[in-house]
Amino acid sequence: MAVRATVSRFPVDSDAQEASGVPWGITLTPFAAKDENGQSPVYGSDGQLLPRCENCYAYFNTYCELDQWAWNCSLCGTLNGLSSQAIARYSHPQSCAEMMSSFIDLELPLEGSDEEMLHARPVYVAAVDLSSSEEFLELTKSALQAALEALAPGSLFGLATFSHKLGLYDVQGPIPVVKNVFIPQDTEGTMPIELEDVMPLLQFLAPVETCKDRITSALETLRPTTSWERTPGAGQGLDGVLMGGRGFGAAMEALCNYLGSEYGNTFALARVFAFLSGPPDYGPGQLDTRRYGEQYASKGEDADRALLPEQTPFYKDLAAVAVQAGVCVDIFAVTNEYTDLASLKFLSIESGGSLFLYTNADDSTLPQDMYRMLSRPYAFNCVLRLRTSTEFKPGHSVSAYLMLLSNCVTGKLLSMVPASLLLYILLQYGHFFPDPQYENVQHIICCDSYATYAYDFDFANNVGFSRHASEQPMVQIAFQYTVVVPPEELSTSGLVSSTRGKHSLKRRLRIRTLQYGTAQNPNELYDGVDPEAVLSLLVHKVILASLEQGVREGRMLLHDWLVILTAQYNEAFKLIQYKSGSSSITAQIDVAFSQCPQLQPFPRLVFALLRNPLLRFHEEGVHPDYRIYVQCLFSALEPSSLHRAIYPVLTSYSTPDKQAYPRHSLSRAALITSGSPIFFLDAFTTLIVFYSSTADPSLPFPPPQDCLLRATINKLKQDRCITPKLLFIQGGQDDATAFENYLIEEQDVDGSGLTSVMGFVSFLEDITQSVLEYIK
């Protein structure tokens, strides 16, 4: 469980917070095997015996005061009695994980019989779009072959297809058999028959270890649906023109109900892999993609705002059904046509799944991404809860920010508005489903070791924190989750040999309790800023601002935040001086944060974020589906990965085996002045090796497999949650556009290309002028 706070010491009160301009919160990666410092949790058992506070329900931890009969809660200060069982437990503190560390992972008892637990098996269902092309199906087959290789023995696999009908495959016999049920064309229609009546669930779900060859044979039978296969009414528009036949919504709804009917008895978790080649255009859940063309052509409506919200609640409602059924949905969209991912995304992100977008099948990394996703550990049926000490709480609501925007004149800043108020967006961010009853509780159907969530904080009152060191701010994160334990792990834990070949479930409770110091003023806060954690919160906030008010408002929020941060930094370091009896300013604005190293990355990060497809305007050529994909990707990345995705790391090498400089700015000037022949750029989703046109011809191109540069690339690819594309470009011979597009410091943030070599410098000048206007 990795936790990164935006500031290492929390603001002592709201005045200190507002005077700093720095967002206050944390990022959290709950299923990370180690914490942010590389430390593993202390493992233990009997998590159900861990004492909890009678007042705030926080768990006992190493920061609590303990005597023979009672303990004081470190979060709220309540005195709690100890049960006789707990007294006996803590008479041997060296045997209790919670007495040894503030980062623990405890076993919990599971409901149900031992036999049910041993028979619980993970289930994977592929739902393949047949209203597609041969190229799409070949790519999908390759991806599913990779998935079959990654799935552990004991897993169950089901193959389904959809078009104007839903097909279920029985692959447990000698010959694959498919049974179809037609999808109603009406948007309000329902499936004519329950899938359980079409094919019993256990007939549909086949053991991977015994049926892998038959599943492969079934995949080879997949063919695109042709017009003659459809019923006369299916997908027919005016004058009999074929309009579609992709009944995705009805198929997903039927599969969620199908799998949910046996939830908890037949399987522990179900993951549905939905392969989509275009927009759902048939039956329930169909989407009207004409709005893309209409809005793009319209001069009277803001396309950046119109194309971001969903056009129907169907998929958000379906996500609630999936969560209730314990079904996680991953959507793999392989298409370059408008598919309205703004509507579809809820089905994946709220059910704990992922949304992938591949614009073509030729250079798609879909098979690699499938294998990578299924090879790494994951938890499911998770509950995430954050608690804080009484002086503060998880943050603000969207309404406060929207109220602020409504009172701002576009392009102007209200002098009485502190920077922190510009960031009042939402109390939690991430791919989860909020509990409808309990505040600050999130349900996560599926969570891997990369999934990251964010919280921002606010004071519960005007008093702030005590200035006594004994009463420091506390944060406690409780993460309850289930994992599937394979047979080899069961045997090492001493279970009987009868479990051989069977998977078992383990329920665990992971708890992290952290104590933070306090900062009395902005200068102390600035010294402890974590730029990457701040960037994570900023990205979540501008995404939500964009969804609520449009891309233009998201850009304005980000720009204005940097302006106010710069002004408050200059004020805190007393760099602004006024002439006696005059309002004129005698000192220049320090827009580079030269006296505070922790703040120095922000101008470049904000500049890069404004150039990112996340916040570029629709008319600059950003496809709305790609913007949604980037939103979903960025909102789940841990801070270091997000940093690379926003502002790539550019490294130089003198030879493939010798690094020259570890980091350069993203400009041509940096390339020229370094004098290095080889550059390596890590943009998270893309890795580029660029040889300068002046590089010595004797340098091997591309770099040999056994060199340092290749080892670095392989390590990065191995540690990444998705498969980055790797490009090799030889300057002077190959098209270098892909590399040059990342040299963003030479691009004008208000333009659309390499308009000026003064792009970043001009941006700093604009910030300087805005700061001067703000402080007048």
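The legends below describe close-up views of a predicted model. Local features need pLDDT of at least 70 and side-chain atom pairs count only at pLDDT 80 or more, while totals for chains, interfaces and linings use all residues. Residues are numbered from 1 along each chain as its sequence is written, and side-chain values use heavy atoms, with hydrogens and water left out.

**View 1. Packing of helices α18 and α22.** Helix α18 covers residues 531–549 and helix α22 covers residues 639–646; helices (H or I, at least four residues) and strands (E, at least two) are DSSP runs, numbered from the N terminus. Their axes are 9 Å apart, at an angle of about 70 degrees. Axes are lines fitted to C-alpha atoms, for helices over the stretch in contact, and angles run from 0 to 180 degrees between N-to-C directions. α18 and α22 are therefore roughly perpendicular (angles under 35 degrees count as roughly parallel, over 145 as roughly antiparallel, 65 to 115 as roughly perpendicular and the rest as oblique). Glu532, Ala533, Leu535, Ser536 and Val539 of α18 make the contact with Pro639, Ser640, Leu642, His643 and Ile646 of α22, where contact means heavy atoms within 4.5 Å. The contact has 6 nonpolar, 3 polar and 1 charged residues; Ala, Val, Leu, Ile, Met, Phe, Trp, Tyr, Cys and Pro count as nonpolar, Asp, Glu, Lys and Arg as charged, and the others, Gly among them, as polar.

**View 2. Packing of helices α5 and α8.** Between α5 (residues 134–150) and α8 (residues 208–220) the angle is about 175 degrees, and the axes are 11 Å apart. That makes the two helices, α5 and α8, roughly antiparallel. From α5, Lys141, Leu144, Gln145, Leu148 and Glu149 meet Val208, Lys212, Ile215, Thr216, Leu219 and Glu220 of α8. By class, 5 residues of this contact are nonpolar, 2 polar and 4 charged.

**View 3. Residues 51–83.** UniProt, in an unreviewed entry, lists this span as "domain: Zinc finger Sec23/Sec24-type"; UniProt positions are given in the numbering used here, feature names are shortened, and annotations may be inferred rather than shown by experiment. The end C-alpha atoms of the span lie 9 Å apart, and its content is 0% helix and 24% strand.

**View 4. The loop holding Pro702.** Pro702 is in the loop between β29 (686–691) and α24 (708–719). The peptide bond joining Phe701 and Pro702 is cis, with omega of about -10 degrees.

**View 5. The loop holding Asp340.** Asp340 lies between β15 (327–334) and α13 (341–349). Although Asp340 is not a glycine, its phi is positive, at about 60 degrees.
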